[in-house]
Amino acid sequence: MTATKPAQTTFTPAAVPATLQRIILTGFMGAGKTSVGRLLAEQLGWAFLDLDEHLETRANATIPELFARDGEARFRRIESSALANALSHTHTVIALGGGAPEQLTNRLLLEQTPNTHIIFLDAPFPVLFDRCMLQSFASPDHIRPLLASPEQAEARFLTRQPIYRRLARLTLSTADLTTQQAVDQLLSSLTTEN
Ligand SMILES: Nc1ncnc2c1ncn2[C@@H]1O[C@H](COP(=O)(O)OP(=O)(O)O)[C@@H](O)[C@H]1O
Ligand SMILES: O=C(O)C1=C[C@@H](OP(=O)(O)O)[C@@H](O)[C@H](O)C1
Ligand SMILES: [Mg+2]
């Protein structure tokens, strides 16, 4: 009997413009930056970097710990430094934290990094809030300190909307999409660009 090789699955990553080095996902908490970003990277055959995870590793502390210990201002400084580092990565999908674009320094960093495509994942506040609540019930360690007060969170959402919109080259409304449908739409828009 001759030995047969196990069947191999061939994977052809989606082709994006050759000059593109980074895809940045932005939007409010619950927009799907982390989950859509991870899937998108997989389907492009690119690396995935979640800015929240990246900064937690660099600071050796979780986000709730950083907020509780040092407050939001210090968290934002750690986030900026993690972003500067993240932007040196190539062929990488980067999921930002929802507050990163609020800082002028971060917007300048993002705008001045060449070959970088910024995408805004949008949805109405109630949809985003419900997604985050569902996620925190399913995994109680997934805490977002800035959602403790729904009223203050909605005020932040309204302040940030124009910032996300101005910064991004593409806005995708995800309220009626699954994460896979969001990825499919992003891939189709990225691969048809020239
Ligand atoms: N398009 C979507 N439809 C339904 N649920 C979604 C969608 N995008 C994200 N989610 C869910 O919402 C929660 C928050 O998603 P996440 O990717 O962590 O968002 P972000 O990183 O933008 O805060 C997760 O439980 C995720 O599975
Ligand atoms: O919107 C914000 O200011 C924040 C969003 C969070 O990331 P996600 O947007 O991935 O939830 C995380 O960075 C932190 O809790 C603060
Ligand atoms: Mg996230």
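User: By class, how many nonpolar, polar and charged residues does the shell around ligand 1 have?
Analyst: This is a predicted model. In it, the shell around ligand 1 has 6 nonpolar, 9 polar and 2 charged residues.

User: Which of the 17 residues around ligand 1 come nearest?
Analyst: G32, T34, S35, R131 and Q135 do.

User: And which helices each supply at least two residues of that shell around ligand 1?
Analyst: Helix α1 does, and so do α5, residues 125–138, and α7, residues 179–191.

User: OK, step back. How many helices and strands does the protein chain have?
Analyst: There are 7 helices and 5 strands. Their order along the sequence is β-α-β-α-α-β-α-β-α-α-β-α. The radius of gyration is 18 Å, close to the 16 Å that the globule rule gives for 194 residues, so the chain is as compact as a globular protein of that length.

User: What does the C-alpha trace span along its principal axes?
Analyst: About 65 × 40 × 35 Å.

User: What share of the 194 residues is buried?
Analyst: Buried residues make up 31% of them. On contacts, take those in the chain with a separation of 6 or more: residues 24 or more positions apart account for 78% of these.

User: Now ligand 2. Which residues surround it?
Analyst: The surrounding residues are M29, K33, T34, D52, I63, G97, G98, G99, R144, P145 and L146. By class, this shell around ligand 2 has 4 nonpolar, 4 polar and 3 charged residues.

User: Where does K33 lie?
Analyst: K33 is in helix α1, which covers residues 33–44.

User: Is K33 buried or exposed, and why?
Analyst: K33 counts as buried because it has 27 C-beta neighbours inside 10 Å, and the cut-off for buried is 20 or more.

User: What does K33 touch, not counting residues up to four places away in sequence?
Analyst: K33 touches L25, T26, G27, A95, L96 and L121.

User: What about T34, which helix is that in?
Analyst: T34 is also found in helix α1. T34 counts as buried, with 21 C-beta neighbours inside 10 Å. Not counting residues up to four places away in sequence, T34 touches D50 and A95. T34 is listed around ligand 2, and T34 is also one of the residues that come nearest to ligand 1.

User: Which residues does the UniProt "binding site" annotation cover?
Analyst: In the unreviewed UniProt entry, one such annotation covers G30, A31, G32, K33, T34, S35 and R144. Another "binding site" annotation from UniProt, also unreviewed, covers D52, R76, G98 and R160.

User: Let's take R76. Where does it lie?
Analyst: R76 lies in helix α3, residues 63–86.

User: Why does R76 count as partly exposed?
Analyst: R76 has 18 C-beta neighbours inside 10 Å. A residue needs 20 or more to be buried and 12 or fewer to be exposed, so a count in between is partly exposed.

User: And G98, where does that lie?
Analyst: G98 lies in the loop between β3, residues 92–95, and α4, residues 104–112.

User: Is G98 buried or exposed?
Analyst: G98 is buried, with 25 other C-beta atoms within 10 Å.

User: Leaving aside neighbours within four places in sequence, which residues is G98 in contact with?
Analyst: G98 is in contact with G27, F28 and M29. M29 and G98 are both among the residues surrounding ligand 2.

Terms used:
Residues numbered from 1 in each chain as written. Chains lettered and ligands numbered in written order. Predicted model: local features only at pLDDT ≥ 70, side-chain atom pairs only at ≥ 80, totals over all residues. Helix = DSSP H or I, 4+ residues; strand = E, 2+ residues; numbered from the N terminus. Rg over C-alpha atoms; globule rule 2.2 N^0.38 Å. Contact = placed C-beta atoms within 7 Å. Near = placed C-beta within 6 Å. Nonpolar A, V, L, I, M, F, W, Y, C, P; charged D, E, K, R; others polar. UniProt positions renumbered as here; feature names shortened; annotations may be inferred.
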